[in-house]
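The stops below can be selected one after another.

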Amino acid sequence: MAKRLFKVWRGNAEGGEFKEFEVQVDPGMVVLDVLHRIQTHDANDLALRWNCKAGKCGSCSMEINGKPRLACMTRMNSFSDTETITCQPMKTFPVIKDLVCDVSFNYEQNKRIPKFKPKPRDADGQYRMYQEDVDRVQEFRKCIECYLCQNVCHVLRDRDGREQQTFIGPRFMIRVASLEMHPLDTDDRIPELKKEYGSGMCNITRCCTEVCPEHIGITDNGIIPLKERVVDRFYDPVAIIGRKLLGRKVRTKTRAEEEGKK
Amino acid sequence: MATHLPVIGGHAEGFGKTHRTDPWKSGPAITLIVFLTFIVYTTWAALQGNHYYVEPYLSPFYSPVLWTNANIENVAGAAPEHLAWFGTWPSWWPGFIPISPALLILVFPGSFRFTCYYYRKAYYRSFAGSPPGCAVGPLAGKRKYNGETKLLLIQNLHRFTLYAALAFIFLLGKDAVEAFSKGGKLGIGVGSIIITLNVILIASYTFGCHSFRHLIGGRKDCMSNCGKATVTSGAFKKASWFNARHMQFAWLSLIWVMVTDLYIRLVSMGYIRDFNTWN
């Protein structure tokens, strides 16, 4: 392969600009390899996060030619021979340096979700669940927490991130789904899902699903089924009247609301 | 937690702005063209009130026929009275509303598609630019975004439009069966095949509905009986198969229902001849 032109954003929280690098690209290289070559030969202080180089650690998330992708899984031969390759940090999170972002926003969202609360063990002291029932939630366990879905979600990404207080983001909708649909879990997170995590903010434009390197059906298998559970609880008049007639009580207040009432 | 502002990193700002180099505009553009074509054609066809029936074919836009014209010899391609559920048009029908059976029908499949979880993606991107593409600047710029929490709360009633859509599978299925019988004589024509294909595609689209998948089993955390398949788990798996192809069936059924009406209209108008075993 010949030399290829790379435009890499360089800067920090104060600002920055694109720098151009002409790099020799060899067959079989991925974008991360090229960035390492730039780091070795042209810019020793280029900051980028990486670890496994196998698409499993989720560290090297960035925007390559405008698309949120893992640099280690983006093959150079997927671009045309004359295409300039642009590398930028993720837009949704604050820049620390060059291609490295501060993703602590995501850790804060994770802390908001009540943890797994299993039902009591069987008489023999074991937990039992069946493959048939956990197939659904196992898909969500494939998440590598690369946060590409959080980055591309327009609710979090656009409007200078002002809506970041209103929506927990697709990665954590999936985490809620993995708990809510778990056959052993007994906790109820539906009121929080509607009132605190902002399930109504998602308008199903499916960008999270499109960028997921693990091909998790984020929208179809996670977010939409959760939205349907919110409908069951809050919007379906037939279900609401049916529950009232049958005397079935369900939670409609969040933990914060319940504590406020006390 | 670090604050987000200001956004830096060389990202393009503004409607449609992006560093993407792939043809991301083609998807929303095709969606826009097909949707607009469908809306214009359907509105036109629904307002015609004629050429929707040619024995034994009934246009899906006009099925079921609630009322038909009193003197059908004056209205070309109108359904005969025995096909209308309530006979001829009532005298109290307001004069300013065109006499067309389709006007009473299309609100049901129309609302099903409008609130459909797949179509939402399609029209939010193509019509609302919210956003027009992934990692592309939104049309609304930096104005406040409410998602589906205010006016669009109506989307949460999708399951009620599903109930109507399920009824339509039976109604259109009945039309498909009747399309194989003319004057009491069994047979087959090109129209019979087109109408049958139409109901198959609409049923495939409906059975892949996310609300349907939820209601038949998805709402439960435990669908099996100690790991053994149950009716619920089997139905959920089948609905999941259709659900994984929801987009394809959404488009195919949308286009095919238009093709079906157009075919019947052209046969009724005499522009094309229906090849069949009756003539």
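The model is predicted.

Begin in chain A and select Tyr147(A), in the loop between helix H3 (131-140) and helix H4 (148-152) of chain A. Tyr147(A) is not a glycine, yet its phi is positive, about 65°. Is Tyr147(A) buried or exposed? Tyr147(A) is buried, because 24 other C-beta atoms lie within 10 Å and 20 or more are enough to count as buried.

Stay in chain A and select Arg206(A), in the loop between helix H7 (190-195) and helix H8 (207-211). Arg206(A) also is not a glycine and has a positive phi of about 65°. Arg206(A) counts as buried, with 26 C-beta neighbours inside 10 Å.

Move to chain B and select Glu55(B) and Pro56(B): the peptide bond from the one to the other is cis, with omega near 5°. Pro56(B) sits in the loop between strand S1 (53-54) and strand S2 (57-58) of chain B. Next select Ser63(B) and Pro64(B), whose peptide bond is cis with omega near 0°. Pro64(B) belongs to the loop between S2 and helix H2 (102-105) of chain B.

Finally, show both chains. Here 46 residues of chain B are in contact with 56 residues of chain A. On the chain B side, helix H4 (117-126), helix H7 (210-218) and helix H8 (231-244) each give two or more residues. H4(B) gives the most, with five residues. Coloured by class, the side of chain B that touches chain A has 17 nonpolar, 20 polar and nine charged residues.

How values were computed
Residues are numbered from 1 along each chain as its sequence is written. Chains are lettered from A and ligands numbered from 1 in the order in which they are written. This is a predicted model: local features need pLDDT of at least 70, side-chain atom pairs count only at pLDDT 80 or more; totals for chains, interfaces and linings use all residues. Two residues are in contact if their C-beta atoms, placed from the backbone, lie within 7 Å. Helices (H or I, at least four residues) and strands (E, at least two) are DSSP runs, numbered from the N terminus. Ala, Val, Leu, Ile, Met, Phe, Trp, Tyr, Cys and Pro count as nonpolar, Asp, Glu, Lys and Arg as charged, and the others, Gly among them, as polar. A residue is buried if 20 or more other C-beta atoms lie within 10 Å of its own, exposed if 12 or fewer, and partly exposed in between; C-beta atoms are placed from the backbone.
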